[in-house]
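Visitor: Hello! Could you walk me through this structure, one question at a time?
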Amino acid sequence: MESWPPGASGPTEAGRRLRGLRGADLAASASLLSGAGAEAGCSAPAVAAVLPAGGSGERMGVPTPKQFCPILERPLISYTLQALERVSWIKDIVVAVTGENMEAMKCIIQRYQHKGISLVESGVTRHRSIFNGLKALAEDQPNCRLSKPEVVIIHDAVRPFVEEDVLLKVVTAAKEHGAAGAIRPLVSTVISPSVDGCLDHSLERARHRASEMPQAFLFDVIYEAYQQCSDYDLEFGTECLHLALKYCHIKAKLIEGSPDLWKVTYKRDLYAAESIIKERISQQICVVMDTKEDEEHVGHRLEEMLKNELNHVKVTSGRDLQQIILEQCYNFVCVNVMTSDFEETQKLLNMLEESNLSILYPVVVISVQFLDYESVPFGQKMENLMQIREFAKEVKKRNILLYGLLVYYPQSF
């Protein structure tokens, strides 16, 4: 097993709170899991996650396994890891990958700076891969480097949009009931065909649900279920909740999930996922100006115009760039008026490179340069144009997309 040092502190208290988790209850439970309950002397349910990622992606119809397919030039599985990593109370994440993809997975972890990830070799089926991941967390296995959690989350490597609230709900429910899983309403009616290919019967759609991920279990429950599991179930089974019921007599609590829990399965799903990611990283624009005092500065006018035109986007001015970068804004408009060079743009680019913000998502910077056409020689105009092009070529290597807009105006304007 390959492992990387954990990047998040361990959890501390979940409590037996399931019903009516809304608003303040969710926040309180998350606070307890993340460590705030330690001072009160509460016991700590350690939480880990297992991601089976050994699939070949046959339904995708592409040579690359779907978990490694790029979205915005970044592998799909990296987005899923990020979704789990940002949940501070998940202590360890175990990913099961095939031996031939082990080096590729190590490169992904290193390139995108994922923390707290351990790798194990996957099995030939989904259940065998999950079992291998659970073994990496079990204390009865030789050379075990990870501590056994009280609760383990099982999630799909190709469901990148899971949010902390649904993770919290299934973990809290699993602690109370032994097992829990997300569900969604059926979109289509399920029918059962007869041997001769005719309709045998159909299921009443309103009474049934689609089983989704994530699912969570008391570790001892699901590990015992896999240890007792028949070869047939390991080979052909797909539902972890059923194993807990069949072998441990644990009836899982079912949690209504959000529409974002869908699984990337077909090639068209990659385009849908890319669209969702682009929408999420386009929700904020920061306007950076080379002066802060002048309220008549064209940058302030641009900021107000953007606020009026883009009602669904948060538009801010870059008075505290470090804080805005920490809040993960990925879109900047840099306005240069006071100088004929790109000093403000260069300063912003330096800060973005130092922050490593562009490792996970592309950062867009539009540099707007205002020049007086009466006082600026033609040669300098061309020099400014070439300068922004050279900047753009250089920063694109670091996933920063720089665009230049030169605006020439008379001084009396």
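Guide: Gladly, and one definition comes first: axes are lines fitted to C-alpha atoms, for helices over the stretch in contact, and angles run from 0 to 180 degrees between N-to-C directions. This is a predicted model, in which local features need pLDDT of at least 70 and side-chain atom pairs count only at pLDDT 80 or more, while totals for chains, interfaces and linings use all residues. Residues are numbered from 1 along each chain as its sequence is written, and side-chain values use heavy atoms, leaving out hydrogens and water.

Visitor: How many helices and strands does the protein chain have?
Guide: Helices (H or I, at least four residues) and strands (E, at least two) are DSSP runs, numbered from the N terminus. By that rule, the secondary structure of the protein chain comes to 13 helices and 17 strands.

Visitor: At what angle do helix 6 and helix 8 pack?
Guide: Two packed helices are described by the angle between their axes and the distance between the axes. For helix 6 (residues 219-228) and helix 8, the axes are 9 Å apart and the angle is about 80°. Angles under 35 degrees count as roughly parallel, over 145 as roughly antiparallel, 65 to 115 as roughly perpendicular and the rest as oblique. Helix 6 is therefore roughly perpendicular to helix 8, at about 80°.

Visitor: Which residues in helix 8 do the residues of helix 6 meet?
Guide: Contact means heavy atoms within 4.5 Å. From helix 6 come Val-221, Ile-222, Glu-224, Ala-225, Tyr-226 and Gln-228. Their partners in helix 8 are Cys-240, Leu-243, Ala-244, Tyr-247 and Cys-248.

Visitor: What do the buried residues of helix 6 pack against?
Guide: Buried means under 20% relative accessible area, exposed over 50%, and partly exposed in between (1.4 Å probe, protein chains only). In helix 6, Phe-219, Val-221, Ile-222, Tyr-223, Ala-225 and Tyr-226 are buried. The buried residues of this helix pack against helix 4 (126-135), strand 7, strand 11, helix 7 (231-236) and helix 8.

Visitor: How many bridges join strand 8 to strand 11?
Guide: Two strands pair if DSSP finds at least two bridges between them. Strand 7 (residues 151-154) runs antiparallel to strand 11 (residues 209-218), with 4 bridges, and Ile-153 stands opposite Ala-216 there. Strand 8 (residues 179-185) also runs antiparallel to strand 11, where Arg-209 is the bridge partner of Pro-185. The number of bridges joining strand 8 to strand 11 is 6.

Visitor: Is the peptide bond from Met-213 to Pro-214 cis or trans?
Guide: Most residues other than glycine have a negative phi, and most peptide bonds are trans. Pro-214 is found in strand 11. The bond from Met-213 to Pro-214 has omega near 10°, and is cis.

Visitor: Is His-249 buried or exposed?
Guide: His-249 lies in the loop between helix 8 (240-248) and strand 12 (253-256). Its phi is near 60°, a positive value in a residue other than glycine. With a relative accessible area of 67%, His-249 is exposed.

Visitor: How many disulfides are found in the whole structure?
Guide: A disulfide is a pair of cysteine sulfur atoms within 2.5 Å. The closest cysteine sulfur to that of Cys-240 is in Cys-229, 9.6 Å away, so the two are too far for a bond. For Cys-329 the closest is in Cys-286, at 5.5 Å, also too far for a bond. The search of the whole structure finds a total of 0.
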